[in-house]
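Hi everyone, and thanks for coming. Please have a look at the screen.

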Amino acid sequence: MDSAQILTIPLITPYKMGKFNLSHRVVLAPLTRQRSYQNVPQPHAILYYSQRTSQGGLLISEATVVSDTALGYPNTPGIWTKEQIEAWKPVVDAVHAKDGIFFSQIWHAGRVSNASYQPNGQTPISSTDKHLPRQIRSNGIDVAEYTPPRRLRTDEIPQIVNDFRLAARNAIEAGFDGVEIHGAHGYLIDQFLKDEVNDRTDKYGGSSENRCRFALEVIKATVDEIGADKVGIRLSPFASFNESGDSNPEALGLYLVESLNKYGILYCHMVEPRMKTIALVHETPHSLVRMRKAFNGTFIVAGGYNREDGNKAVAENRADLVAYGRHFLANPDLPKRFELNAPLNKYDRETFYTSDPIKGYTDYPFLET
């Protein structure tokens, strides 16, 4: 295939994201894999991320915990201790050795947790004290039990903002090119954003402005710490995952992106309205177009995309970049397969969250060359 033909594939065209020169628009979405034993990245993650790196490709790490109160799942990596920072360094180095760009997704689970994951078995913290009912995990097998959360006092919130700031600093120390703040899918930031969850009466509850205050304080602290050119955020205004829906998601999303413009952050990574819940695609009249037009930086979309959808989104200027999760998990050379329109490996949902360091992790085959 000559270069003229390749240029007709929108996903396989170069893009300048701030100071980063991307060679294509296929992004590795943040994917929890639950293989970081004792919350420390393991040597097998070096191979996993290296396999999915292409020259000038953007990778976003799995959700990475900002503090010991932020845990919600077993074997998820953290970035609040020196040991964790050191363990991330060879993973980041492996991505950079192949000329990839690597962002750390920093995360606080909030009420999507259990006392068994918390320091000294304490109660998980949230915007609310509303209990999240037990639910089947997204692997369709395990049942998650959640401890009723404790509503954060107004005077405690700056400490949580600071946890994100320190995590961003630590990510840069580990060598990451930047951070993506996890503001989606019903975790702590989303628990403040969404009116189904947030029932506060202080300055962090009520109006859109108040409910967005915590997210924007995290943005400001992170920007002040590492620079706006190294900061992105992931948002899912339309999603109801972890019982975090909103009565007016379009207004919430628009208010957020317009507010983000004031901080000049690098990108906004938005989950499609059709992904109301994880892994299930719904018909919807809503779209992200108004938010895309309102946001000044790079706009990344995610949620049920295939090759054809992704090419169309870029060609129609509905997105700058498209993030792929399950397809990238199962196809370490996904950009190459999209370039050649080659068949894709099928993903095995049953091994998404197993703790095996190889099976369903680094054993998906590459194209025969």
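**Starting with helix 2**

Let's begin with helix 2, whose buried residues pack against strand 3 (26-28), strand 4 (58-60), helix 3 (82-97) and strand 6 (101-107). Before going further, please keep in mind that this is a predicted model.

Which residues of helix 2 (residues 43-51) are the buried ones? They are H44, A45, Y48, Y49, S50 and Q51.

In the largest nonpolar core, which has 92 residues, Y49 and F214 are the ones with the most contacts inside the core. The biggest share of this core comes from helix 6 (residues 208-226), which supplies nine residues. There is also a second, separate core of 16 residues, and among its members are Y15, A29, L58 and I60. As background, nonpolar side chains tend to be buried together in soluble globular proteins.

Now, what does F214 touch, leaving aside neighbours within four places in sequence? F214 is in contact with I157, I160, V161, F164, L188, I189, F192 and Y204.

I160 sits in helix 4 (residues 157-173). Is I160 buried or exposed? It is buried, because its relative accessible area is 6%, and buried means under 20%. Not counting residues up to four places away in sequence, I160 touches H108, I125, L152, L188 and F214. For a sense of distance, I160 and P77 are 83 residues apart in sequence, and their C-alpha atoms are 18 Å apart in space.

Time to zoom out to the whole chain. Its secondary structure comes to eleven helices and 15 strands. The C-alpha trace spans about 60 × 40 × 40 Å along its principal axes. A compact globule of 369 residues would have a radius of gyration near 21 Å, and this chain has 19 Å, so the two agree.

How much of the chain is buried? Of the 369 residues, 60% count as buried. Looking at contacts with a separation of 6 or more, 72% are between residues 24 or more positions apart.

Conventions: Residues are numbered from 1 along each chain as its sequence is written. This is a predicted model: local features need pLDDT of at least 70, side-chain atom pairs count only at pLDDT 80 or more; totals for chains, interfaces and linings use all residues. Side-chain values use heavy atoms; hydrogens and water are left out. Helices (H or I, at least four residues) and strands (E, at least two) are DSSP runs, numbered from the N terminus. The radius of gyration is taken over C-alpha atoms; the globule rule is 2.2 Å times the number of residues to the power 0.38. Buried means under 20% relative accessible area, exposed over 50%, partly exposed in between (1.4 Å probe, protein chains only). Contact means heavy atoms within 4.5 Å. A nonpolar core is a set of buried Ala, Val, Leu, Ile, Met, Phe, Trp, Tyr and Cys residues joined through side-chain atoms within 4.5 Å.
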